[in-house]
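Subject: Structure for your review

Dear colleague,

Please find the structure below, together with its sequence. My notes on what was found in it follow.

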Amino acid sequence: MGKKGKEAARERREQRRREVTLLRGVPYAPHHRWWDGLAPPPLGRAVAVVTGANRGIGYEAARQLAIHGLHVVLTSRDAARGRDAAEQIRAAGEPVVSVEWRQLDVTDAASVDGFAAWVKHTHGGVHILVNNAGVNFNRGADNSVEFAEQVIETNYFGTKRMIEAMMPLMITSPHGGRIVNVSSRLGRVNGRRNRIGDASLRERLLNDDHLSEELINEMVMKFLEQTKQDNWSSGNEWPQMYTDYSVSKLAVNAYTRLLARRLSDRPEGQKIYINCFCPGWVKTAMTGWEGNISADEGADTGVWLALVPQEQATIGKFFAERREISF
């Protein structure tokens, strides 16, 4: 892409950014606020769980959902940071803001199981799950795979673990449960600058008849095995930028599509809408504060997906800036 092409692309992004800013200023009409009054007294609010919410995009998603009137369970691996984040939302919010914190490590099966048991006992279930917890250890031009196992375990297996634990607790209603997975354009199968070099694997990942949990797991385990053998970079088999992070998000995207297929036949009143979104290049600790949009803007599409009226709800799609994009 030449200089003019880059300038045109930048202008399109800025134009869409301005459009989304205007959309965010439009309040939800009362008949579109499907979450109001879903839960019985004394809470009387729909319950949303947001993982990795002590800072950045997760914090903003929790804050925005709370401001919209949901009861938010803010989770954090670090208990003290989670408590401080919840207090900060309460202190800055309106009197109606309802938020609590809970310690949760998505890489620990016992932690996830304990959290699910607590949710069931305390709230009876959950209406919305936002899977935000994730890690990326690369910055700038770096592309180390030193922490690849931790990245895959947190970003993919942690997301998968949370969905498996929380899906049975999704509270059924005419509006459907909502699962929103925070992902990235870096995990696109056919990304122009950052795609898988194996054409056969690309085809199988995009073909619903071939896509399976086994295929996704085999892909990430093959990548991890190659990182241990230090031959992962030969043959351009894997994405070239932030490879471990990109593979983890590629797996999240594929798993989102796979689950959507399994959930699509649920009858009315038992629907669960699962989608993923790319927040963009956001100014957070994960990017070393090098992004071009705020966490507040980055969280917007995820919150929009969580709250979209049932008649507009979709399943198994990938979004950015409130628009569907390709996998």
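Two strands are said to pair if DSSP finds at least two bridges between them. Please note that the model is a predicted one. With that in mind, I begin with strand β2 and its neighbours.

In β3, Thr 75 has Arg 102 as its bridge partner. Strands β2 and β3 (residues 98–103) are parallel to each other and are joined over six bridges. Strand β1 (residues 47–50) also pairs with β2 in the parallel sense, in this case over four bridges, and Val 50 stands opposite Leu 74 of β2. Together, β1, helix α2 (residues 56–67) and β2 make up a right-handed β-α-β unit.

Strand β2 itself (residues 71–76) is mostly covered, with six of its six residues buried. This holds for both faces: His 71, Val 73 and Thr 75 are buried on one side, and Val 72, Leu 74 and Ser 76 on the other. Helix α3 (residues 79–92) lies across β2 and β3, and its direction is at about 175° to that of β3.

These strands belong to an open sheet of eight, ordered β3-β2-β1-β4-β5-β6-β7-β8, with mixed pairing. At its edges are β3 and β8 (323–325), each of which pairs on one side only. From one strand to the next, the twist averages 25°. An antiparallel pair is formed by β7 (residues 318–320) and β8, over three bridges; there, Phe 318 stands opposite Ile 325 of β8.

In soluble globular proteins, nonpolar side chains tend to be buried together. The largest nonpolar core in this model has 50 residues, of which Phe 115, Met 166, Leu 205, Met 219 and Phe 223 touch the most other members. At least two residues of this core are supplied by each of β1, α4 (109–123), α5 (148–166), α6 (199–206), α7 (213–229), α8 (243–263) and β6 (272–277). Helix α8 provides the largest share, nine residues. Another core, of 35 residues, lies apart from this one and includes Ala 48, Tyr 59, Phe 277 and Val 282.

Which residues does Phe 223 touch, leaving aside those up to four places away in sequence? They are Val 145, Ala 148, Ile 152, Trp 232, Trp 238, Thr 243, Asp 244 and Val 247.

With kind regards

Definitions and conventions. Residues numbered from 1 in each chain as written. Predicted model: local features only at pLDDT ≥ 70, side-chain atom pairs only at ≥ 80, totals over all residues. Heavy atoms only, no water. Buried < 20%, exposed > 50% of the residue type's maximum accessible area, 1.4 Å probe, protein only. Right-handed = clockwise from strand over helix to strand, strands pointing away. Core = buried A, V, L, I, M, F, W, Y, C linked by side-chain atoms within 4.5 Å. Contact = heavy atoms within 4.5 Å. Axes fitted to C-alpha atoms, helices over the stretch in contact; angles between N-to-C directions.
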